[in-house]
Amino acid sequence: MRKTLFLPFILTLYFFTSCHHRESHDEHHGHHHHQTEHDGHDSEETAEVPSDEIILPKEKAEQLGIETRSIAPEPFSHIIKTSGQISGAQGDEYIVTATAPGIVSFGSVSLAEGSPVKNGAVLASLSAQQIIEGDPTEKLRIAYETARKEFERAQILVEDKIISEKEFDSARQNFETARIAYQATGDRQNGKGTAVTAPASGYIKQRYVNEGEYVNAGQPLFSISRNQKLVLRAEVPERSYKYLPTILTAHFKTPYDEQVHELSQLNGRLVSYGKSSGENAFYVPVIFEFDNKGDIVPGSFVEVFLLSSPAEAALTVPVESLTEEQGAYFVYVKVDEDGYRKQEVQTGPDDGKRIQILSGLEPGDQVVTRGAYQVKLAATRNIIPEGHSHSH
């Protein structure tokens, strides 16, 4: 009887325990499933990949002076990069020489190299008053006065038939010779000696003498450059000689201001190119002449870009469009009113102003042509206005 009652009790206890365990398992499983759904929901919310677009509002871009241009294939020349030098053009420089021997005394005009001078300005005086041999100009004056008096006397004597026509002609010849010699220097006396004047307006290129130095007649004193015409001499490697007949013009970049000058904008012309190199040289000279419309310094060494006749069309961008990072080159492409994209490109040759793009861009791309550094700075500083988002 006791066994009969005990067995139902055990079965009831087992059933209750099993149900409780199942409910606990289901409840735990349900909670885990709910947590998984919640986590999955969060994953879906955060799964969006952030855009790599650089946000720069239109108003800000205008303030920074950022400019863009839609690129398209355009003619681009074969380019030879080399070095060269700027010098004064032939006939554009003058050598001022001493018209008489004497001791040099500079005037009030500044004679430092590069100083401007006006035509007729007194640059120096030549005095020989302290020289033992005497002042040559004074000697010429005395000879002139003597010859003049003799000629005037001969004029009277020939009328009275006291001297012959031959003697009169001799007196006249002596007078003319003395007059020419004296006027060559006598007209330039300024109280300090013989004045040396500038033959043309320009700039002092070089001074060959010092204050107080004795010079002989004909000795160079100064060189003056009008600085209106300049010459560009480019040295081309022999390996590029075959391209020289196709060269039309050139660009050059000055080292003191990094400015690129176009000869086509300076009335430039190709003067000549060497048909052969020197005996021990490996370069062939190419000579251009152009107007000095800017502050181009004669004597400076420059970087030269020789341009042949335009070749096939190519995609190009201004050199200032490029930014460089660890040897790679990038440009910035405008994708919408406030957005830009950083784009890596492969570059080709450049002419100092434009550079060919071999890959990375397509015709119609709106490339930043001015202010690329400002866009790069915006990307670096992550300048994104609050409440502004771009989802593409």
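Predicted model: local features only at pLDDT ≥ 70, side-chain atom pairs only at ≥ 80, totals over all residues.
Let's begin with charges. Side chains of opposite charge can pair when their charged atoms come close. How many salt bridges does the structure hold? There are 16.

Take R370 and E67, whose side chains meet in a salt bridge at 3.4 Å, N to O. These two come from distant parts of the chain, 303 residues apart: R370 sits in strand β23 and E67 in strand β2. E67 is partly exposed, at 40% relative accessible area.

Next, find K353 and E262, with their closest N and O atoms 3.0 Å apart in a salt bridge. K353 is in the loop between β21 and β22, while E262 belongs to strand β14, so this pair ties together parts 91 residues apart in sequence. K353 is partly exposed at 34% relative accessibility, and E262 is also partly exposed, at 22%.

R148 and E152 are both in helix α3, four residues apart, which is about one turn of the helix. Their side chains form a salt bridge at 3.0 Å, N to O. E145 joins in too: E145, R148 and E152 are linked in a network of salt bridges.

Finally, the largest pocket, with a volume of about 300 Å³. It is lined by 13 residues, and those closest to its centre are G114, Y203, N227, V297 and P298. Which strand gives the most to this lining? That is β9, residues 202-207, with three residues. By type, the lining has five nonpolar, five polar and three charged residues.

Definitions and conventions
Residues numbered from 1 in each chain as written. Heavy atoms only, no water. 1 Å grid on protein atoms, 1.4 Å probe; cavity = no way out; pocket = protein on both sides within 12 Å on 5 of 7 lines; lining within 4 Å. Points joined across faces, edges and corners; volume = space filled by probe spheres on them. Nonpolar A, V, L, I, M, F, W, Y, C, P; charged D, E, K, R; others polar. Salt bridge = Lys/Arg side-chain N within 4 Å of Asp/Glu carboxyl O. Buried < 20%, exposed > 50% of the residue type's maximum accessible area, 1.4 Å probe, protein only.
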